[in-house]
Amino acid sequence: MKKIGVLTSGGDSPGMNAAIRAVVRAGIYNGLKVVGIKRGYEGLINGDIEEMNLSSVADIIHRGGTMLRTARSEAFKTKEGFEKALNVINIFGIEGIVVIGGDGSLRGAEKLSEAGIPTIGLPGTIDNDLAYTDYTIGFDTAINTVLHAISNIRDTSTSHGRANIVEVMGRHCGDIALYAGLAGGAESIIVPEEECSIDEVCKRLIQGRNRGKLHSIIILAEGVAGNSYEIAKEIETKTGIDVRLTILGHIQRGGSPTAFDRILASRMGGNAVELLMKGKKGRTVGMKGNEICNFEISKALSMKKEMNKNLYELAKTLSI
Ligand code: ADP
Ligand code: F6P
């Protein structure tokens, strides 16, 4: 193998830059040429590709976002778009690709591998919604961002004696809500994986108020069924407590990656190059119990993500 490419795809996540840096530097260290493919699969279709050198990835390990930019490419899912991508790979002499992205991006990586292009996936998403890895790149930074927001909201919540609902991202996965809620001492955590009774949430709020609690933080995952404003209204009506809703949104996707995410991204990026050099393809890199591991992409994506019930119960116990 002489030349590999790297791309970021789907929703960006903090630590993607650290992963790109690791792929480029490990590739060059091992005597490979490395090209950067811009805007994910869109750049692959359009030939938006540039050669990377050691300095192309200087000064990015601490930056959020992705220097290669990203996209969600509908064209790549079509037969014509996919064939164009294969032609570009051929024309540029790319012999292996590292795809950094979420589950959708990994499905794309699987397709490339099936078409004979050695491809390795890295889990880049804030959602932590991939069952085959304990953590995805960007999750730790996102929960720290949420934690910071919770601390700020707690100040004003206390001053006014309010209940504040904080809606967080995560698509269908409640991990951002669960981990940030536990770390932030939230009174209630509402996730899509667990049935939640609003009456129970209200009961906790009233009990808290009755024993002199001045603030209440409820973390609500975006994947929970229903409208957040309506949930807030219902809680206000049932408890008589003034409720405010904050939807954190894309603030959770940016920011300088934490040490954890930089280290995870660096380890995974280095491992992806190692796998390509060993002739592996169609595999995706993860981390289980602090050990870097890899799975066949189709197998990894068929695993069902389970919420950590122990953490959920612990958060409940500690917030009585
Ligand atoms: P993420 O990777 O963050 O989950 P998406 O689900 O939007 O984000 O996927 C990113 C891109 O991956 C899509 O825009 C598309 O180009 C590609 N992709 C997603 N699913 C498939 C699929 N089944 N086959 C081929 N490509 C796919
Ligand atoms: O997958 C990452 C994520 O931030 C989800 O948590 C969220 O639901 C979605 O992407 C938002 O997507 P977009 O940036 O396209 O609005």
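Which residues come nearest to ligand 1? They are R72, S73, D103, S105 and K111, out of 15 residues around ligand 1. The model is predicted.

**Ligand 1**

By class, the shell of ligand 1 holds eight polar, five charged and two nonpolar residues. Helix 4 (residues 103-114) supplies the largest share of this shell, six residues. The side chain of R72 places an N or O atom 3.0 Å from an oxygen atom of ligand 1. Backbone atoms take part as well: an N or O atom of S73 lies 2.6 Å from a ligand 1 oxygen, and one of G104 lies 3.1 Å from an oxygen of ligand 1. Alone, ligand 1 exposes 550 Å², and the protein buries 84% of that. The space that ligand 1 takes is the largest pocket.

**Ligand 2**

Around ligand 2 stand R72, I126, D127, M169, G170, R171, E222, H250 and R253. Five of these shell residues are charged, two are polar and two are nonpolar. Both domain 1 (3-138 + 257-302) and domain 2 (141-254) contribute to the shell, so ligand 2 lies between them.

| Side chain | Distance to an oxygen atom of ligand 2 |
|---|---|
| R72 | 3.1 Å |
| E222 | 2.5 Å |
| H250 | 2.8 Å |

On its own, ligand 2 has 390 Å² of accessible area, and the protein covers 74% of it. The space taken by ligand 2 is the largest pocket.

How values were computed:
Residues are numbered from 1 along each chain as its sequence is written. Chains are lettered from A and ligands numbered from 1 in the order in which they are written. This is a predicted model: local features need pLDDT of at least 70, side-chain atom pairs count only at pLDDT 80 or more; totals for chains, interfaces and linings use all residues. Side-chain values use heavy atoms; hydrogens and water are left out. A residue is near a molecule or strand if one of its heavy atoms lies within 4 Å of it. A polar contact is a pair of N or O atoms within 3.5 Å; within protein, one must be able to donate a hydrogen and the other to accept it, and residues adjacent in sequence count only if both atoms are side-chain atoms. Accessible areas come from the Shrake-Rupley method with a 1.4 Å probe; for residues, only the protein chains shown count as cover. On a 1 Å grid over the protein atoms alone, a cavity is a set of points where a 1.4 Å probe fits but cannot get out, and a pocket is an open set with protein on both sides within 12 Å along at least five of seven lines; lining residues have an atom within 4 Å of a point. A molecule sits in a cavity or pocket if more than half of its atoms lie within 2 Å of its grid points. Ala, Val, Leu, Ile, Met, Phe, Trp, Tyr, Cys and Pro count as nonpolar, Asp, Glu, Lys and Arg as charged, and the others, Gly among them, as polar. Domain bounds come from an automatic or database domain assignment. Helices (H or I, at least four residues) and strands (E, at least two) are DSSP runs, numbered from the N terminus.
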